[in-house]
Amino acid sequence: MPENEFEKKLKKMMDDFHLPPSTSVWENVSRRLHEKRRRKIPFFFLLAAGLITAGYFTYHVSEKYKQNSTAAISYTGKNADKAGNYLLKDSAKLSTQKPGIKKEEKASVSNTLPGTQQKIFKNELNNKLITVKNSTALKDNSSELENDNAGNNKQHLNGQIINENNNAIVSNNETLFKNSITIKQPVTPADAENTLLKDEVQDNNLALKKDSISGLANQPGNSLKKSTTKTPVTINKTSNWQWGVTGLYAKSNLIENLTNLNIPSAQYSNDPLTSGNYDTAFKTTHAFSPSAAYAFGTVVKKKIFKNGYLSSGLNFIHLSVKADIGKTVDSVIVIPSPAYTYFVRGYAQPGFVKTNTSKYNFIELPVLFQQNFFHSKKTSLSYNAGFSVRQLISSSSLIYNQINNIYFSKEELLRKTQFQVAAGLSFEMNTGKNNSFFIGPQFTYSLSNLIKNPGNSSFHFINYGLQAGFLLHKK
Amino acid sequence: MDYKNLVRNCLKGNAEAQKYLYNHFAASMFGVCYRYTKSVTDAEDVLQEGFIKVFNNLHRYRHEGELQAWMRRIMVNTALTYLKQNKHYSSELSYEEINLHPVSSENPVITLQAKELADLIRQLPTGCQTIFNLHAVEGYTHVEIGEMLGIHEGTSRSQYARARSIMVGWIEKRNENIKQRRYAGK
């Protein structure tokens, strides 16, 4: 506290001391206040829009998918009303209730198809298709099954002998009926009535798909039809979900734009002591050069149709770019621009003195569409494309001003919310029953200019690298 | 003046209210910023940052004390942050303890205008200038200054003593010059 008169007088004078600032202060304050509000809106707007779009798309497609999977199968023969559509749970039941099948064959089917599910259709010729679904080891057993059924191919129906061959063992629909084998067996309508257990239809929850039914109908010798008087069987369709972790190692750089791939150039002197001095010979180089980038996060994939996925997640992404700079000049420079003029204290000119690495940390929300274009039993190859929204959470960076040919630091000039387009390839390999590993190149280009102020050059992030991840699957 | 209503409108994002608040306090706040810095540009930078903080933290103002005093504290804190963050200040900022000598008991008559006095304060070494402002003008105790700047209380005292001594010397010298000019005029 002031001890005496001197302090008292001085305090009073200084308390009353008023000095009007220049008008530019309010302009800057006002601009920054509005900028701050605007900056928050796009990120949350884009985040919400992305989530809503993804949600709607997922819901819409899965609803459509559900409708498609409500299969209506019937036959149009005389006994249509009696037959209906039924499913049999396992081969044991099937064999015991089918007098036409010998004991040995029953045993064979039972042995070769433990715990299998069988699906029976009737067509207008009173044939019945029994779809045997084995979710575990049917592939291995398929040849054996074919042999087992080879002797069971001659059955009488309405005085006709229908010879059924192994071609009736049908595997339809790679995704839902990947491991299913359909055995076409001729039985009499009476047999069918005895053997078909309607109650087990619900128990089995066997997913039928429109495609698979059409596939069966297209088989030679099968005249399976979708009845005009449908007796629908609604199948509980559970969607395929995959989730896991992902990581990316890449190179990132700042370029002027994607169309001409020009990187803003910087001029530097050959002599470090006179760095930035235009009297000496100077070279032109890129203002920034690529540096390491990495990302890690979570990924969620939802199957939206055959071989098509929608994926999203949340990632932490670190980008960096390098710049060769000369001596740091501890002085003030005025940078005029159409938006507003600002001062920079302490800047560096391009040179050889040191390499500065600008670092940027973002939180990223990607929304990607992915489609398999090659698919085998254990592997698949797919492409992906989509967009992502990034929010800058921290940075330590240099901005390059081409007019003054200087690098300086002014974090408030960085655009915090960035909008990207992304594309890539992915090779996926099943590493277990319910999990897979994927790896592939990924490319991202930022549509947003990193620098807000148009007085500086235009800078857009690109990053290209290898992405890998581990996914858990669930139906 | 009804500051409650003004603050409420500012919180709603009313640009007119924000401008009014700024215009009402800008000159007095700029006076504060001016004393802590060495140039008008720096003072304006501090003022700008300070007002951004004021508007962003206006919801924290509880209408318990004077709005001006609350804003003034923000300006002082912004100025201290600015001094630490800027190289050309941070290199000059030194709070080394110097030999403690008794605070000058001299109480020279201040014949200067407020602006001239502020300019004299700005000519003090940066460390002394900050402590002189905080103690003599803002009224913080040396204990509080020690906590604010992360220095020992004794350091604050010695720096203040040095700053006061310099200031008194300058003011007395100036008073003498004025006297001499008067005699010379007669």
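Is Glu5(A) buried or exposed? With a relative accessibility of 51%, Glu5(A) counts as exposed, since the term buried is kept for residues under 20% relative accessible area, exposed for those over 50%, and partly exposed for those in between, using a 1.4 Å probe and protein chains only. The model is a predicted one, in which local features need pLDDT of at least 70 and side-chain atom pairs count only at pLDDT 80 or more, while totals for chains, interfaces and linings use all residues. Residues are numbered from 1 along each chain as its sequence is written, chains are lettered from A and ligands numbered from 1 in the order in which they are written, and side-chain values use heavy atoms, with hydrogens and water left out.

Glu5(A) leads us to helix α1 of chain A, residues 5–15, where Glu5(A) and Lys8(A) both lie, three residues apart, about one turn of the helix. Helices (H or I, at least four residues) and strands (E, at least two) are DSSP runs, numbered from the N terminus. Side chains of opposite charge can pair when their charged atoms come close. A salt bridge is defined here as a side-chain nitrogen of Lys or Arg within 4 Å of a carboxyl oxygen of Asp or Glu, and the side chains of Lys8(A) and Glu5(A) form one at 3.9 Å, N to O.

Lys11(A) is partly exposed, with a relative accessible area of 25%, and Asp15(A) is partly exposed at 24%. These two residues also belong to a network of salt bridges that links them with Arg35(B), Arg72(B) and Glu138(B). A further salt bridge joins Lys12(A) to Asp16(A), with the closest N and O atoms 3.0 Å apart; here Lys12(A) is exposed, with a relative accessible area of 54%, whereas Asp16(A), at 46%, counts as partly exposed. Over all chains, a search of the whole structure finds 14 salt bridges.

Chain B, which contributes to that network, has nine helices and zero strands, and 49% of its 186 residues are buried.

A search of the whole structure finds four cavities of 30 Å³ or more, a cavity being a set of points, on a 1 Å grid over the protein atoms alone, where a 1.4 Å probe fits but cannot get out, with lining residues having an atom within 4 Å of a point. The largest cavity has a volume of about 400 Å³, where volume is the space filled by probe spheres set on the points, and grid points are joined across faces, edges and corners. Its lining has 32 residues, of which Thr246(A), Asn315(A), Leu368(A), Gln442(A) and Gln467(A) lie nearest its centre. Strand β12(A) gives the most to this lining, with six residues.

Strand β12 of chain A, residues 289–305, also holds Val300(A), which counts as partly exposed at 36% relative accessibility. In strand β13 of chain A lies Leu310(A), which is buried, with a relative accessible area of 11%. The C-alpha atoms of Leu310(A) and Asn384(A) are separated by 9.2 Å, although the two residues are 74 residues apart along the chain.

Terms used: 1 Å grid on protein atoms, 1.4 Å probe; cavity = no way out; pocket = protein on both sides within 12 Å on 5 of 7 lines; lining within 4 Å.
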